[in-house]
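Subject: Structure handover

Hello,

Here is the structure you were expecting. Please open it next to this message and read the notes below against it.

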Amino acid sequence: MIAVERVESDGALPRRTGVVVMGGGVAGIATAMELRQRGVDVVVVEKGEIAAEQSGRNWGWVRQQGRDPREIPLAKLAMEKWRRMNATVEAETGYREAGIAYLSYTEKDLAWNARWHDRNAARFDLKTRLLSAAEAEALVPGGTRRPLGALYTVDDGRAEPFIAVPAMARHLRRAGGKIFTQCAARGIETSAGRVSAVVTEKGTIACDAAVLAAGAWSRRFLGNLGIRFPQLTVINTVGRSRPMAAGPDVTFLGGRFAARKRLDGGYTIAHNLYSVASLIPDSFRLLFDFLPLMITDVRGVKLRLGKRFFDEARLARRWRLDEVSPFERVRILDPKPYPALIHDAARHLAAQFPAFAGVEMAEIWAGAIDVTPDAVPVFEELPQQRGLFLASGLSGHGFGIGPAVGQLMAELVTGETPCVDVKPFRLARYFERPRPRPDGDI
Ligand SMILES: Cc1cc2nc3c(=O)[nH]c(=O)nc-3n(C[C@H](O)[C@H](O)[C@H](O)COP(=O)(O)OP(=O)(O)OC[C@H]3O[C@@H](n4cnc5c(N)ncnc54)[C@H](O)[C@@H]3O)c2cc1C
């Protein structure tokens, strides 16, 4: 189990509130924070612990660069919020504006970086630059092999997943929001076609609206309502080193490694090339939905058939609201890590940057990344169910945009003019032609 800071649960479940947010990851907590700022009564229900799934397990990269253009306006807004986050929540989230660099060691990476830069940097007025070989070497010094260049955004940043969302959740509570952990939402009740309550394992909360921010579980929740949300998971393994005497401040990746400096002086290290997709029954049900993504990005995903296939197959796809739901059966999705990937990444990192020679891992863990067919999320009030808002499918890069997701969702719920164009984030895009395609990294 990862060492995410624990957030205590509130006591008695209220009978009524304004908005119930289902899911205590970055999307749910940021949405609840923004709703509270607007004076809305809000309750977060979380089946396990705050940030115990993706939001507490990720690499901690907060970036604009590399993203699908549909997400860049949100990413820019999120940066403004991250810059103020420690002051907003009056606590340490680990946010530091240390820049992010994608080092290119191959012509192919160089071309990808140049293409992304040329299509997006000026269009979105980003500070992203293409660095020459000499500039890249100077930015990430101490290497034994000179990169061919780099894609670099000076005002990208990093934060600490073990503490950031818990700090935001505590702030939410101080601002009057309620948080219930070990409290799964089983489903909703409706009245005159609108959401009128959320049914949890601990009781029913009447509400005017509900936000589903259930990460990897949103597809199953919606499936019980007869709503199809194409979503799969990919397992990514992460390691943290013991504190080190030296090493670059900038967050960087290249070749087979990705490294981010931590507040404790260690590094969060991951493999830049490989993740694992466990084959599960949904892999086959959603094969055609995910073909565009597989064609674009299958290179780095190793397919595995194992125990998860049977664990998933055993979980109910339909349940009644007075029955134990699948969310209570799996309190925290804690996938098995693949340590060999981290040792491989660390070996290559040390070979290229001697400062990492002999780097020791203090902990290795894994997270299940929820992914949509175009690797872009869904943010909308679902036309199939008025009063139910979906914020999910953040596809491997939602920690960084999380704070802006909160603003957008709060605006959608309260009927304000949204801060960004929401058309690219509709669920219906997956059922239209041409199918939306991924246009960034994951
Ligand atoms: C290994 C890894 C590395 C990553 N690296 C980065 C990175 O460097 N930068 C970046 O921007 N992003 C990164 N990501 C992606 C990022 O972590 C996610 O996109 C983001 O955290 C998703 O937030 P979320 O709130 O949507 O989901 P989650 O954080 O998964 O939260 C969803 C919550 O909903 C709860 N829940 C589910 N169903 C119910 C229910 N029925 N009732 C109540 N609660 C429920 C779950 O228990 C969970 O706590 C990474 C992800 C992983 C796994």
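The notes below cover a helix pair, a strand hairpin and a glutamine in a loop. Please keep in mind that this is a predicted model.

Helix pair. Helix H3 spans residues 72–89 and helix H13 spans residues 398–414. Their axes come within 7 Å and cross at roughly 100°, which means H3 is roughly perpendicular to H13. On the H3 side the contact is made by Leu74, Ala75, Leu77, Ala78, Lys81, Trp82 and Met85. H13 contributes Phe399, Gly400, Ile401, Pro403, Ala404, Gln407 and Leu408. Sorted by class, the residues in this contact are 11 nonpolar, two polar and one charged.

Hairpin. Strands E10 (residues 194–200) and E11 (residues 203–206) run antiparallel and are joined by four bridges. They form a hairpin, with two residues between the strands. Thr200 has Gly203 of E11 as its bridge partner.

Gln231. This residue sits in the loop between helix H7 (218–223) and strand E13 (232–241). Is Gln231 buried or exposed? Its relative accessibility is 3%, so Gln231 counts as buried, the cut-off being under 20%. The Gln231 side chain reaches the backbone oxygen of Gly215 at 2.7 Å. A polar contact of 2.8 Å also links the side chain of Gln231 to that of Asp370. Leaving aside residues up to four places away in sequence, Gln231 touches several others, including Ala216, Trp217, Leu286, Phe290, Val371 and Ser392.

Regards

Conventions. Residues are numbered from 1 along each chain as its sequence is written. This is a predicted model: local features need pLDDT of at least 70, side-chain atom pairs count only at pLDDT 80 or more; totals for chains, interfaces and linings use all residues. Side-chain values use heavy atoms; hydrogens and water are left out. Axes are lines fitted to C-alpha atoms, for helices over the stretch in contact, and angles run from 0 to 180 degrees between N-to-C directions. Angles under 35 degrees count as roughly parallel, over 145 as roughly antiparallel, 65 to 115 as roughly perpendicular and the rest as oblique. Contact means heavy atoms within 4.5 Å. Ala, Val, Leu, Ile, Met, Phe, Trp, Tyr, Cys and Pro count as nonpolar, Asp, Glu, Lys and Arg as charged, and the others, Gly among them, as polar. Two strands pair if DSSP finds at least two bridges between them. Buried means under 20% relative accessible area, exposed over 50%, partly exposed in between (1.4 Å probe, protein chains only). A polar contact is a pair of N or O atoms within 3.5 Å; within protein, one must be able to donate a hydrogen and the other to accept it, and residues adjacent in sequence count only if both atoms are side-chain atoms.
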